[in-house]
Amino acid sequence: LGSILCGWLADRIGHRTTLLAAMVLASAALPLLAQAQAVPGLLAAAFTAGTIYDAPRPVFTAAIAATFPEDRDRASLNAWRNFAVNVAAAVAGTAGGLLAGPLGIPALIWANAAACALFALLVWHFMPTAQRESPETNDPRAAGYRAAFHDPRLWLLLVTSLCALTCAASLFSSMPMLMAEDGLNASDYGWTQTANAGAVLLL
């Protein structure tokens, strides 16, 4: 839902404004998640955090597509972006696992909120303000969207992606519980995130 919403907003209010809004919302929602004790508050904060978790992806993808018209340049830049994301994920997973014991999980969530606030400041300072696009009803892309959604291959891609991501996402809920049952702690879970990012980088 977050990816769809942020992609839609990026087309209407601009890449910079969408990223700023998402990161400010993240820096506000994550501390609530850190302090939540009751189930309704936990669910609300977790839903908000989940919505903004992948918010930058469609915005960056659109910004790269708009800035680099050549397919080769876009592919190269996206590869380096994915490389940087996974290096950061390996570092964050290791550091989070090692610090979870002495600092506690709420402190890590507060650190994540601070990182989102820093990201918002970087976007505010460095990302140029671009003219936002307001898709019109006679925009030729609208017909392209309609044709795309009548393409059975696109629906096959969407369904298989949903199945694959459901399996991948379930690891983030089931694996910690399985590890806890085996007496493993947060630092052990951090090392699994390091291994995950390392495997992505290697492959």
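At 27% relative accessibility, Phe-60 counts as partly exposed, a class lying between buried, under 20% relative accessible area, and exposed, over 50% (1.4 Å probe, protein chains only). The model is predicted, so that local features need pLDDT of at least 70 and side-chain atom pairs count only at pLDDT 80 or more, while totals for chains, interfaces and linings use all residues. Residues are numbered from 1 along each chain as its sequence is written, and side-chain values use heavy atoms, with hydrogens and water left out.

Three aromatic pairs are found in a search of the whole structure, where rings of Phe, Tyr and Trp (its six-membered ring) pair if their centres lie within 6.5 Å, and planes under 30 degrees apart count as stacked, over 60 as edge-to-face and the rest as tilted. One of these is the tilted pair of Phe-60 and Phe-119, with 6.1 Å centre to centre and 50° between the planes. Because Phe-60 lies in helix H4 (residues 56–67) and Phe-119 in helix H6 (residues 105–126), the pair ties together parts that are 59 residues apart in sequence; helices here are DSSP runs (H or I, at least four residues), numbered from the N terminus. Phe-119, at 24% relative accessibility, is likewise partly exposed.

The rings of Trp-80 and Phe-83, with centres 5.7 Å apart and planes at 80°, form an edge-to-face pair. Both residues belong to helix H5 (residues 71–103), where a spacing of three residues separates them by about one helical turn. Trp-80 counts as exposed at 59% relative accessibility, whereas Phe-83, at 42%, counts as partly exposed.

Definitions and conventions: Helices (H or I, at least four residues) and strands (E, at least two) are DSSP runs, numbered from the N terminus.
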